[in-house]
Amino acid sequence: MKLIFKKKPWEGSQIAELRLPLPCQFWMLCNILEVDPKKLIMDFLATLGAESYGKQGQTQQLLEDYFIQCGYGQEYYSEEDIRKMMEELKAIGTIWPKEASRRITERHTAWRNMYHKYWYRKWYYKHRRKH
């Protein structure tokens, strides 16, 4: 995966260029149902990442459970830690100031970046990384 503009992880979405092999069954299903694979993948990523525009509720819980069941990151973190990470991301994602003025939105964006920076560093350095 090649990041187009390298930013620090907490500075917002990254734009990546990657070639992704789509399994035949996935491609056929998307084609038959007329679901854009890019939209499906973006919905998945936004929901798992607890973005404010991602799916909420049971859909989000199912993706979190899927992530845990696959064992992602469990060589470094416990299931409890990973669930706590996701809970904290959801908390940050729910703070979006709907229908606020531009000034408030810009101020919120700066605060959100600080929350993300704090969150990232807290979990990145826990357990295994010494810098």
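Colleague: Why is Tyr-124 called partly exposed?

Modeller: Its relative accessible area is 23%. Buried means under 20% and exposed over 50%, with partly exposed in between (1.4 Å probe, protein chains only), so Tyr-124 at 23% counts as partly exposed. Tyr-120, at 26%, is partly exposed as well. Do keep in mind that this is a predicted model, where local features need pLDDT of at least 70 and side-chain atom pairs count only at pLDDT 80 or more, while totals for chains, interfaces and linings use all residues. Residues are numbered from 1 along each chain as its sequence is written, and side-chain values use heavy atoms, leaving out hydrogens and water.

Colleague: How many aromatic pairs does a search of the whole structure find, and what makes Trp-111 and Tyr-115 a tilted one?

Modeller: The search finds six. In the pair of Trp-111 and Tyr-115, the centres are 6.2 Å apart and the planes make 45 degrees. Rings of Phe, Tyr and Trp (its six-membered ring) pair if their centres lie within 6.5 Å; planes under 30 degrees apart count as stacked, over 60 as edge-to-face and the rest as tilted. The distance therefore makes them a pair, and the angle makes that pair tilted. Both residues lie in helix H5, four residues apart, about one turn of the helix. Helices (H or I, at least four residues) are DSSP runs, numbered from the N terminus.

Colleague: And why is the pair of Tyr-120 and Tyr-124 called stacked?

Modeller: Here the centres are 5.4 Å apart and the planes 20 degrees apart, so the angle falls under the 30 degrees for stacking. These two tyrosines are also four residues apart in helix H5, about one helical turn. Ring pairs link Tyr-120, Tyr-124 and Tyr-125 into a cluster.

Colleague: How do you know whether Gln-60 is buried or exposed?

Modeller: Gln-60 has a relative accessible area of 4%, so by the 20% limit it is buried. This residue of helix H3 touches Thr-47, Ala-50, Lys-55 and Lys-90, not counting residues up to four places away in sequence. Contact means heavy atoms within 4.5 Å.

Colleague: What makes a set of residues a nonpolar core, and which ones form the largest here?

Modeller: Buried Ala, Val, Leu, Ile, Met, Phe, Trp, Tyr and Cys residues belong to one core when joined through side-chain atoms within 4.5 Å. The largest has 12 residues, including Leu-48, Ile-68, Tyr-77 and Trp-119. Helices H3 (58-69), H4 (79-93) and H5 (102-125) each supply at least two, and H4 gives the largest share, five residues.
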